[in-house]
Amino acid sequence: MKILVTLSGQEIAPRFDLTTEVLIAICSKQGEIEDAKVIVLPQASADDLCHFIVKEKVDVVICGAIEEEYFQYLVWKKIKVFDSVIGMATEAIQHFAKGTLTPGKLLA
């Protein structure tokens, strides 16, 4: 499963449309991270980020605030979106792997 997390440093970016870095992680069915890489985007653009997500065949997006238009587009493309998540990116992936991540989750 391919997971994309919007980044601001090591944390989840507070806004989807202002994201300039993403973490893409490949997780096994057992929830272990098999591969992870950070990708720097050429500019902050929600349209370009959505295109990138679809092109990369991402299964899950973990992000902060996202406009309804982009949220609905990703869901329409059969991509699971966990929005309004606050905390460290790697911790969010671990919660997702355990099945404990929910939209709006505040990771301590």
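The conversation below takes up several labels and sets each against the value behind it.

User: Before we start, what kind of model is this?

Analyst: This is a predicted model, and the values discussed here are computed from it.

User: How do you know how many disulfides there are?

Analyst: A disulfide needs two cysteine sulfur atoms within 2.5 Å, and by this rule the count is zero. The closest cysteine sulfur to that of Cys27 belongs to Cys63 and lies 17 Å away, so the two are too far apart for a bond. For Cys50 the nearest cysteine sulfur is again that of Cys63, at 9.4 Å, and Cys50 is in no disulfide.

User: Are Cys27 and Cys50 buried or exposed, and how is that decided?

Analyst: The label buried is given under 20% relative accessible area. Cys27 has a relative accessibility of 6% and therefore counts as buried, and Cys50, with a relative accessible area of 3%, is buried as well.

User: What makes Phe82 and Phe96 an aromatic pair, and why is the pair called edge-to-face?

Analyst: The structure holds three aromatic pairs, and the one formed by Phe82 and Phe96 has its ring centres 5.7 Å apart, with 75° between the planes.

User: Which residues have the most contacts inside the largest nonpolar core, and which elements supply it?

Analyst: The largest nonpolar core has 19 residues, and those with the most contacts inside it are Leu4, Phe16, Ile53, Val61 and Leu74. Strand 3 (21-27), helix 1 (46-55) and helix 2 (68-76) each give two or more residues to this core, and the largest share, five residues, comes from helix 1. Leaving aside residues up to four places away in sequence, Leu74 touches Phe16, Cys50, Ile53, Val61, Ile66, Ile79 and Val81. Apart from this core lies another one, of 17 residues, among them Val85, Ala89, Ile93 and Leu107.

User: How do you know that the buried residues of helix 2 lie on the same side of it?

Analyst: The buried residues of helix 2 are Tyr70, Phe71 and Leu74. They cover an arc of only 105° around the axis, which means that they sit on the same side of helix 2. On the other side of helix 2, Glu68, Glu69 and Trp76 are exposed. The elements that cover the buried residues of helix 2 include helix 1, strand 5 (60-62) and strand 6.

User: What makes the phi values of Lys57 and Lys78 worth a remark, and why are these two residues called exposed?

Analyst: Lys57 has a positive phi of about 55° although it is not a glycine, and Lys78, also a residue other than glycine, has a positive phi near 70°. Lys57 is found in the loop between helix 1 and strand 5, whereas Lys78 is found in the loop between helix 2 and strand 6. The label exposed is given over 50% relative accessible area. Lys57 has a relative accessibility of 65% and so counts as exposed, and the value of 74% for Lys78 puts this residue among the exposed ones too.

User: Why is strand 1 described as mostly covered, and which strands does strand 1 pair with?

Analyst: Strand 1 (residues 2-8) is called mostly covered on the ground that five of its seven residues are buried. Two strands pair if at least two bridges are found between them. Strand 1 and strand 3 pair in the antiparallel sense over six bridges, with Val22 of strand 3 as the bridge partner of Thr6. Strand 1 and strand 5 pair in the parallel sense over three bridges, and there Ile62 of strand 5 is the bridge partner of Val5. Strand 1 and strand 2 (residues 11-12) run antiparallel and are joined by two bridges, with Glu11 in strand 2 as the bridge partner of Ser8. In the hairpin of strand 1 and strand 2, which has two residues between the strands, Gly9 takes a positive phi near 70°.

Conventions: Residues numbered from 1 in each chain as written. Predicted model: local features only at pLDDT ≥ 70, side-chain atom pairs only at ≥ 80, totals over all residues. Heavy atoms only, no water. Buried < 20%, exposed > 50% of the residue type's maximum accessible area, 1.4 Å probe, protein only. Phe/Tyr/Trp six-rings, centres within 6.5 Å; stacked < 30°, edge-to-face > 60°. Core = buried A, V, L, I, M, F, W, Y, C linked by side-chain atoms within 4.5 Å. Helix = DSSP H or I, 4+ residues; strand = E, 2+ residues; numbered from the N terminus. Contact = heavy atoms within 4.5 Å. Arc of directions from axis to C-beta.
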